[in-house]
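Good morning, and thank you for the time.

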Amino acid sequence: MKRIVAIGAMRNSGSDIAMFIRSENLFVRPAWPEDRPRLSRLDVPARVDPFKLDGQGLVVTLPGGHDARGERVAGARLIGTGGFRVTRGRWQPVLWLAPAWRSLGLFDEAEESLDQLAGQLPPPPGDGGMDELVAIAA
């Protein structure tokens, strides 16, 4: 189990919630418009595009700038997307990592980070009877 270093969720204007997670190896943050070119290079499938719901999705980055082979590169690497769905009245984390990053043990760390954050979020809206996509990532 990887150590979660920091979790943050803050409400912006209206009902938007900005979420940040720093685990041992990863940083999960809101998707920003500047991320579009990098997401495009990752060939992110439309169903996991964090911009489908007004930018409410998250991106998973690898701080420290290491590539899939462990070689150092400049800047943080964007390696996937994440978010939450409402299932049975509870937040359900959803996660997608680019293929080059799936066999490195990072999926479990990212999933644990999202699980921890789900516990910090306010209760989801609605009655929870039907699945409602709140933030994209599947």
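Predicted model: local features only at pLDDT ≥ 70, side-chain atom pairs only at ≥ 80, totals over all residues.

Let me begin with confidence. Residues are numbered from 1 along each chain as its sequence is written, and side-chain values use heavy atoms, with hydrogens and water left out. The average pLDDT of the protein is 75, and 67% of the residues score at least 70. Over residues 127–138 the pLDDT stays under 50, and the model has 45 contacts beyond four places in sequence for that stretch; contact means heavy atoms within 4.5 Å.

Next, the overall arrangement. The protein has two helices and seven strands, and from the N terminus on the order is β-β-β-α-β-β-β-α-β. These elements are DSSP runs, numbered from the N terminus: helices are H or I of at least four residues, and strands are E of at least two. Of the 138 residues, 40% count as buried, where buried means under 20% relative accessible area, exposed over 50%, and partly exposed in between, with a 1.4 Å probe and protein chains only. Among contacts between residues at least 6 apart in sequence, 57% join residues at least 24 apart.

Which residues touch the most other members of the largest nonpolar core? They are Leu26, Val60, Ile79, Phe84, Leu106 and Leu114, out of 30 residues in that core. A nonpolar core is a set of buried Ala, Val, Leu, Ile, Met, Phe, Trp, Tyr and Cys residues joined through side-chain atoms within 4.5 Å. Helix H2 (106–118) is among the elements that each supply at least two residues of this core, and the largest share, five residues, comes from H2. Not counting residues up to four places away in sequence, Leu106 touches Asn25, Leu26, Leu62, Ile79, Leu97 and Trp101.

Strand S4 (residues 58–62) also contains Thr61. At 4% relative accessibility, Thr61 counts as buried. Leaving aside neighbours within four places in sequence, Thr61 is in contact with several residues, including Leu26, Phe27, Arg29 and Ile79.

Finally, the rings. The structure holds two aromatic pairs. The ring centres of Phe20 and Phe27 are 6.4 Å apart and their planes lie at 25°, so this pair is stacked. Phe20 is partly exposed at a relative accessible area of 26%, and Phe27 is partly exposed at 24%. For Phe84 and Trp91, the centres are 6.3 Å apart and the planes are at 70°, so the pair is edge-to-face. Both Phe84 and Trp91 are buried. By definition, rings of Phe, Tyr and Trp (its six-membered ring) pair if their centres lie within 6.5 Å; planes under 30 degrees apart count as stacked, over 60 as edge-to-face and the rest as tilted.

Two arginines also lie over rings. Arg29 is over the face of Trp32, at 3.8 Å from the ring centre, and Arg36 is over the face of Phe51, at 4.0 Å. The criterion is NZ of Lys or CZ of Arg within 6 Å of the ring centre and within 35 degrees of the ring normal.

Key:
pLDDT = per-residue confidence, 0-100.
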